[in-house]
Amino acid sequence: ETEELNGQLDVARLRVAKLSKRPNLPPLFHGEYDFNRHKAVELGQLISRYLECKPRQIDSCKIFCNVKHIYSDLQKGWEDNPKHYYMDVRCLLATAASSTWFTDNQMSNISTWISEQGWS
């Protein structure tokens, strides 16, 4: 048991050491799930920053809903969509598909959206 605890402690120390080498990045999440078509890039940046280790305080279901609405706005083709919106959404979906944030069903939806656009 002591050896196991020592092993866990060593792993924790390595993680802290790695994190201390990261640049001091500004926070990308402030507790609000207000990502929309004008914030597709910011949402992609948030997901990519924590690609394989989503912070506990972030609700992946709410994030998925934001991704879904952003994709829906692409499909609707609003005239006032941001410049380069097509590429922003493509990058967002590719990032979401590469993450560990979503359920199997949500990942299936993301894969379907990517295929619908011919991006796979």
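Student: Which residues of α3 are buried?

Tutor: This is a predicted model, and every value we discuss is computed from it. A residue is called buried when its relative accessible area is under 20%. In α3 the buried residues are Ser 60, Ile 63, Phe 64, Asn 66, Val 67, Ile 70, Tyr 71, Ser 72, Asp 73 and Leu 74.

Student: What covers the buried residues of α3?

Tutor: The cover includes three helices: α2 (40-49), α4 (85-98) and α5 (104-116).

Student: Which residue caps the N-terminal end of α3?

Tutor: The cap is Asp 59, one of whose side-chain oxygens lies 2.8 Å from the backbone nitrogen of Cys 61. Just after α3, Gly 77 takes a positive phi of about 65°.

Student: Where is Phe 29 found, and is Phe 29 buried or exposed?

Tutor: Phe 29 belongs to the loop between α1 and α2. It has a relative accessible area of 15% and is therefore buried. Leaving out residues up to four places away in sequence, Phe 29 touches Phe 35, Leu 46, Gln 57 and Ile 58.

Student: With which side chains does the side chain of Arg 37 make polar contacts?

Tutor: A polar contact pairs N or O atoms within 3.5 Å. The side chain of Arg 37 makes such a contact with the side chain of Asp 80 at 2.7 Å, and with that of Asn 81 at 2.8 Å. Arg 37 lies in the loop between α1 (2-20) and α2, and its relative accessible area of 16% makes it buried. When neighbours within four places in sequence are set aside, the residues in contact with Arg 37 are Ile 70, Asp 73, Trp 78, Asp 80, Asn 81, Pro 82 and Tyr 85.

Student: What does the side chain of Asn 66 reach?

Tutor: It reaches the backbone oxygen of Tyr 33, at 3.4 Å. Asn 66 has its place in helix α3 and is buried, with a relative accessible area of 7%. Apart from residues up to four places away in sequence, Asn 66 touches Tyr 33, Phe 35 and Leu 43.

Student: How are α2 and α3 packed?

Tutor: For a helix pair, one reads the angle, the separation of the axes and the residues that meet. α2 and α3 pack at about 145°, with axes 11 Å apart. Ala 40, Leu 43, Leu 46 and Ile 47 of α2 make the contact with Ile 63, Asn 66, Val 67 and Ile 70 of α3.

Student: At what angle do α2 and α4 pack?

Tutor: The angle is about 20°, and the axes are 9 Å apart. Angles under 35 degrees count as roughly parallel, and α2 and α4 are therefore roughly parallel to each other. The crossing in which α2 passes α4 is left-handed. From α2, Ala 40, Val 41, Leu 43, Gly 44, Ile 47 and Ser 48 meet Tyr 85, Asp 88, Leu 92, Thr 95 and Ala 96 in α4.

Student: Which residues make the contact between α4 and α5?

Tutor: α4 and α5 pack at an angle of about 145°, their axes being 10 Å apart. The contact is formed by Leu 93, Ala 94, Ala 96 and Ala 97 of α4 with Met 107, Ile 110, Trp 113 and Ile 114 of α5.

Methods
Residues are numbered from 1 along each chain as its sequence is written. This is a predicted model: local features need pLDDT of at least 70, side-chain atom pairs count only at pLDDT 80 or more; totals for chains, interfaces and linings use all residues. Side-chain values use heavy atoms; hydrogens and water are left out. Buried means under 20% relative accessible area, exposed over 50%, partly exposed in between (1.4 Å probe, protein chains only). Helices (H or I, at least four residues) and strands (E, at least two) are DSSP runs, numbered from the N terminus. Contact means heavy atoms within 4.5 Å. A polar contact is a pair of N or O atoms within 3.5 Å; within protein, one must be able to donate a hydrogen and the other to accept it, and residues adjacent in sequence count only if both atoms are side-chain atoms. Axes are lines fitted to C-alpha atoms, for helices over the stretch in contact, and angles run from 0 to 180 degrees between N-to-C directions. Angles under 35 degrees count as roughly parallel, over 145 as roughly antiparallel, 65 to 115 as roughly perpendicular and the rest as oblique. A crossing is left-handed if the near helix is turned anticlockwise from the far one by less than a right angle, and right-handed if clockwise.
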